[in-house]
Amino acid sequence: MDHSLAQTIELQCPQCGARFAAAVWLIVDAGARPELLARVADGSLHTVVCPNGHGGAVDAPLLLYRPGATPTLLFSPATQTTAEQDAEMAQGLVGRLRETLGGAWRDEWLGELSPLPREALAAL
């Protein structure tokens with residue numbers, strides 16, 4: 001089962017003004033979605049493209065779930081947020097993952113969880 005989560009957001013292109021909807025991944029289940037894991041590694045996961053071909057990055061948090069790996073959870077906060085906002089976002093995403101995992105959830109994963117810059121995720 002895939003535990004990944006994307007949220008569709010409405011955007012306006014800063015270059016041409018086009019309005020469009022884009023899926024922004026907030027939780028990536030590395031075991032179920034290797035193609036998303038590859039996009040995390042190359043830094044393109046939060047890149048969106050408007051209907052006229054202009055690309056740009058969306059500033060969004062990411063919780064990476066890596067079943068069987070240590071650490072199992074990696075959290076990368078958005079860049080334009082405070083530490084308090086980062087903690088709230090991490091708590092919300094972890095809560096969502098905990099719900100979808102049900103009995104497979106392990107509380108000990110929380111002890112491994114600390115914020116990482118997005119660039120550090122590629123190395124892991």
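The following legends describe close-up views of a predicted model.

View 1. Four strands form an open sheet in the order 1-2-5-6, and the pairing is mixed. From one strand to the next, the twist averages 25°.

**View 2**

**View 3. Strand 2 and its parallel neighbour.** Strand 2 (residues 19–29) is largely enclosed by the rest of the structure, because 8 of its 11 residues are buried. On the side of strand 5 (residues 62–65), the pairing is parallel and consists of 3 bridges. Val28 stands opposite Leu64 of strand 5. Helix 1 (residues 34–42) lies across both strand 2 and strand 5, and its direction makes an angle of about 100° with strand 2.

**View 4. Helix 2 and its buried face.** The end C-alpha atoms of helix 2 are 26 Å apart, in agreement with the 27 Å that its 19 residues should span at 1.5 Å a residue. Asp86, Ala90, Leu93, Val94, Leu97 and Leu101 are the buried residues of this helix. Viewed down the helix axis, the buried residues of helix 2 fall within an arc of 105°, so they line one face. The buried residues of helix 2 pack against strand 2, strand 5 and strand 6.

**View 5. The outward face and the end of helix 2.** Turned away from the buried side of helix 2 is a face that carries the exposed residues Glu84, Glu88, Gln91 and Glu99. Gly102 follows helix 2 and has a positive phi, near 60°.

View 6. A pair of aromatic rings is described by the distance of the centres and the angle of the planes. Across the whole structure, a search finds 2 aromatic pairs. In one of them, the ring centres of Tyr65 and Trp109 lie 5.8 Å apart with the planes at 50°, so this pair is tilted. The pair links distant parts of the chain, since Tyr65 belongs to strand 5 whereas Trp109 lies in the loop between helix 2 (83–101) and helix 3 (118–123), 44 residues apart. Tyr65 and Trp109 are both buried. For Trp105 and Trp109, the ring centres are 5.1 Å apart and the planes stand at 80°, so the pair is edge-to-face. Trp105 is buried, as is Trp109. Tyr65, Trp105 and Trp109 together form one aromatic cluster.

How values were computed: Residues are numbered from 1 along each chain as its sequence is written. This is a predicted model: local features need pLDDT of at least 70, side-chain atom pairs count only at pLDDT 80 or more; totals for chains, interfaces and linings use all residues. Side-chain values use heavy atoms; hydrogens and water are left out. Buried means under 20% relative accessible area, exposed over 50%, partly exposed in between (1.4 Å probe, protein chains only). Two strands pair if DSSP finds at least two bridges between them. Rings of Phe, Tyr and Trp (its six-membered ring) pair if their centres lie within 6.5 Å; planes under 30 degrees apart count as stacked, over 60 as edge-to-face and the rest as tilted. Axes are lines fitted to C-alpha atoms, for helices over the stretch in contact, and angles run from 0 to 180 degrees between N-to-C directions. Contact means heavy atoms within 4.5 Å. The expected span of a helix is 1.5 Å times one less than its number of residues. The arc is that of the directions from the helix axis to the C-beta atoms.
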